[in-house]
Amino acid sequence: MTMTTPALVSQVLLEAPLDKDRDAAPMQRQLHHRIKEAILDGRLAPGSRLPGSRALAEALSISRNTVTAAYDLLAAEGYVQSDRQGTRVATLSRPAPPRMLQTKGTPPSIPAIALRLARIQPSVPRADAGATLRPGVPALSHFPLAAWRRAVDRAIRHAGPSALGYGDPLGEPALRAAIARHLGIARGVRCESAQVVITEGAQEALALCVRLLTNPGDTAWIEDPGYRGAKAAMHAGDLRLAPIRIDADGLIAQARRHGAWIIEDDYDSEFRHAGESIGAMQGLVTQAPVLYVGTFSKTMFPSLRLGFLVLPQALLAEMQTPLEEMLRGGHRYEQLALAEFIESGQFSRHLGRMRRLYRDRQQALREALTRYLRLPHVIQGGHCGLHLTVRLPARYPDHRIADAARRYGIAPAPLSGFVLRPMPEDNGLVLGYGNTSAELFEPLVRRLSQLIRAAEIF
Ligand SMILES: Cc1ncc(COP(=O)(O)O)c(C=O)c1O
């Protein structure tokens with residue numbers, strides 16, 4: 001074993017003074033980090049003796065307690081060992097290199113995976129979180145982060161350590177009750193809290209619908225263009241997907257005739273910008289065969305990962321046991337904080353502010369498109385939600401435009417990426433205005449206009 005000489009050890013540990021600025025990390029953490037990095041990158045070899053705590057404290061002009069605390073932490077993590085002779089770098093156990101089972105050149109064979117996964121294909125390119133015009137992202141900098149932090153703090157204080165354990169698999173009762181009340185008033189959804197199941201965003205709710213309602217090989221009729229997350233969940237359940245063009249009229253009657261369930265993904269209609277508020281389909285008809293899916297990804301923020309599924313009354317008894325066995329009840333403090341956020345009116349106030357912001361942004365984007373997109377196009381949507389769709393002639397392929405735009409930090413989604421059975425009119429851009437300030441719309445639309453022209457195929 002080659003040890004690092006005492007002179008080199010000192011050189012590594014004293015390479016620079018510790019940062020004593022008021023905003024810097026505490027001394028103990030800086031010293032701990034410095035020694036750990038040196039051990040991990042091999043500058044301090046196993047067996048090397050570290051300086052005594054008094055000597056190192058003097059050399060770095062810090063207190064001896066700070067050095068002892070850093071050494072103690074390193075010892076607890078297994079990086080050093082202390083005995084009567086002092087502190088030495090430990091021999092770290094590294095994972096053994098994998099044994100090659102195959103001869104060189106042939107890739108190792110792995111056991112089979114689900115064939116149905118091959119049907120899940122990339123549809124919309126991934127974009128940076130902060131990219132402009134990216135659909136589906138709410139106004140992150142307008143979220144009342146300080147109020148939310150206080151709500152989480154209160155939830156931790158009130159619930160205490162008991163909420164560190166598993167919760168009710170169907171979700172915290174307080175949140176389920178708050179959601180049921182809010183949905184009744186805001187969306188016309190008829191439900192009791194027992195029907196509400198808390199999920200990890202709408203995505204888990206959609207996946208649950210597939211698992212609870214279908215058998216492999218069943219057919220799911222899905223809006224086309226439609227949500228790729230829903231398609232992925234359905235492919236993962238080995239369903240056959242049948243596209244239907246969007247026309248909500250008569251859907252309930254048709255579903256009844258065919259003995260089908262309807263999954264209503266009501267993910268962004270809290271943000272209505274024009275016309276009368278339209279209630280959820282779930283509440284339009286009594287005993288509608290509807291599973292209502294909702295999410296806090298747009299009304300709060302996406303990384304909260306909280307959503308919900310409202311089960312029809314008729315399914316409750318049968319679903320209770322499977323759900324209790326399949327789910328575990330996590331994110332308890334966030335669930336409790338969210339319940340308080342809703343009940344105290346902070347959620348509705350935030351929604352009201354965001355509704356006004358998105359209405360203004362939607363109008364500003366529409367105006368910028370009308371003024372600066374000097375190409376044949378049709379603007380669609382905008383009555384509610386966080387995006388507008390611009391349909392373009394097929395000679396401007398949307399994937400080419402979206403690829404070019406991403407190089408400028410602009411991330412519209414290509415409309416064709418949402419389509420199962422393409423039609424000539426399914427070419428265009430989905431432009432998110434949720435997380436982009438209105439003053440950027442003019443330069444962004446001018447840039448897009450150039451990129452669209454450059455993408456033209458003759
Ligand atoms: C149609 C649709 N449903 C649901 C969601 C939200 O999904 P989640 O709650 O899993 O974040 C989105 C997000 O963009 C969406 O576009």
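**View 1. Contacts of T66 in the predicted model.** T66 touches M27, Q28, L31 and A57, leaving out residues up to four places away in sequence. The model shown here and in the views below is predicted. T66 sits in helix α4. T66 counts as buried because 21 C-beta neighbours lie inside 10 Å, and 20 or more are needed for that label. D426 lies elsewhere: the C-alpha atoms of T66 and D426 are separated by 64 Å. Along the chain these two residues are 360 residues apart.

**View 2. Helix α2 against helix α4.** Helix α2 covers residues 27–40, and helix α4 covers residues 64–77. Their axes come within 9 Å. The two axes cross at roughly 50 degrees, which makes α2 oblique to α4. The crossing in which α2 passes α4 is right-handed. From α2, the residues that meet α4 are M27, Q28, L31, H32, I35 and K36. Their counterparts in α4 are T66, V67, A69, A70, L73 and L74.

**View 3. The buried side of helix α14.** Helix α14 runs over residues 441–454 and has 14 residues. From its first C-alpha to its last, α14 reaches 20 Å, close to the 20 Å expected at 1.5 Å a residue. Which residues of α14 are buried? They are F441, L444, V445, L448, L451 and I452. These residues lie on the same side of α14, because they cover an arc of only 120 degrees around the axis. An α-helix has 3.6 residues a turn, so residues three or four places apart point the same way. The face of α14 turned away from the buried side carries Q450, R453 and A454, which are exposed. Packing against the buried residues of α14 are α12 (346–372) and α13 (398–406).

**View 4. Where α12 meets α14.** Two packed helices are described by the angle between their axes and the distance between the axes. For α12 and α14, the packing angle is about 40 degrees, and the axes are 9 Å apart. That angle makes α12 oblique to α14. α12 passes α14 in a right-handed crossing. On the α12 side, A364, L365, A368, L369 and Y372 take part. They meet F441, E442, V445, R446 and S449 in α14. F441 and V445 also belong to the buried residues of α14.

**View 5. Helix α12 and what covers it.** α12 has 27 residues, which should span 39 Å at 1.5 Å a residue. The end C-alpha atoms of α12 are 38 Å apart, which agrees. Its buried residues are F347, M354, Y358, R361, Q362, L365 and A368. What lies over the buried residues of α12? The cover includes helices α11 (332–343) and α14, along with strands β11 (387–391) and β13 (428–432). L365 and A368 are also among the α12 residues that meet α14.

**View 6. V137, a buried loop residue.** V137 is found in the loop between β3 (86–89) and α5 (145–159). Is V137 buried or exposed? V137 is buried, because 24 other C-beta atoms lie within 10 Å. Leaving aside neighbours within four places in sequence, V137 is in contact with P302, G432, G434 and N435. Q313 is 176 residues from V137 along the chain. The C-alpha atoms of V137 and Q313 are separated by 33 Å.

**View 7. The cis peptide bond at P225.** The peptide bond from D224 to P225 is cis. Its omega is near 0 degrees. P225 is found in the loop between β5 (219–224) and α8 (228–236).

View 8. Q287 is not a glycine, yet its phi is positive, at about 55 degrees. Its place is the loop between β7 (262–265) and β8 (290–295). Q287 is exposed, because 9 other C-beta atoms lie within 10 Å. H331, a residue other than glycine, also has a positive phi, near 45 degrees. H331 is found in the loop between α10 (316–326) and α11. With 18 other C-beta atoms within 10 Å, H331 is partly exposed.

Terms used:
Residues are numbered from 1 along each chain as its sequence is written. This is a predicted model: local features need pLDDT of at least 70, side-chain atom pairs count only at pLDDT 80 or more; totals for chains, interfaces and linings use all residues. Helices (H or I, at least four residues) and strands (E, at least two) are DSSP runs, numbered from the N terminus. The expected span of a helix is 1.5 Å times one less than its number of residues. A residue is buried if 20 or more other C-beta atoms lie within 10 Å of its own, exposed if 12 or fewer, and partly exposed in between; C-beta atoms are placed from the backbone. The arc is that of the directions from the helix axis to the C-beta atoms. Two residues are in contact if their C-beta atoms, placed from the backbone, lie within 7 Å. Axes are lines fitted to C-alpha atoms, for helices over the stretch in contact, and angles run from 0 to 180 degrees between N-to-C directions. Angles under 35 degrees count as roughly parallel, over 145 as roughly antiparallel, 65 to 115 as roughly perpendicular and the rest as oblique. A crossing is left-handed if the near helix is turned anticlockwise from the far one by less than a right angle, and right-handed if clockwise.
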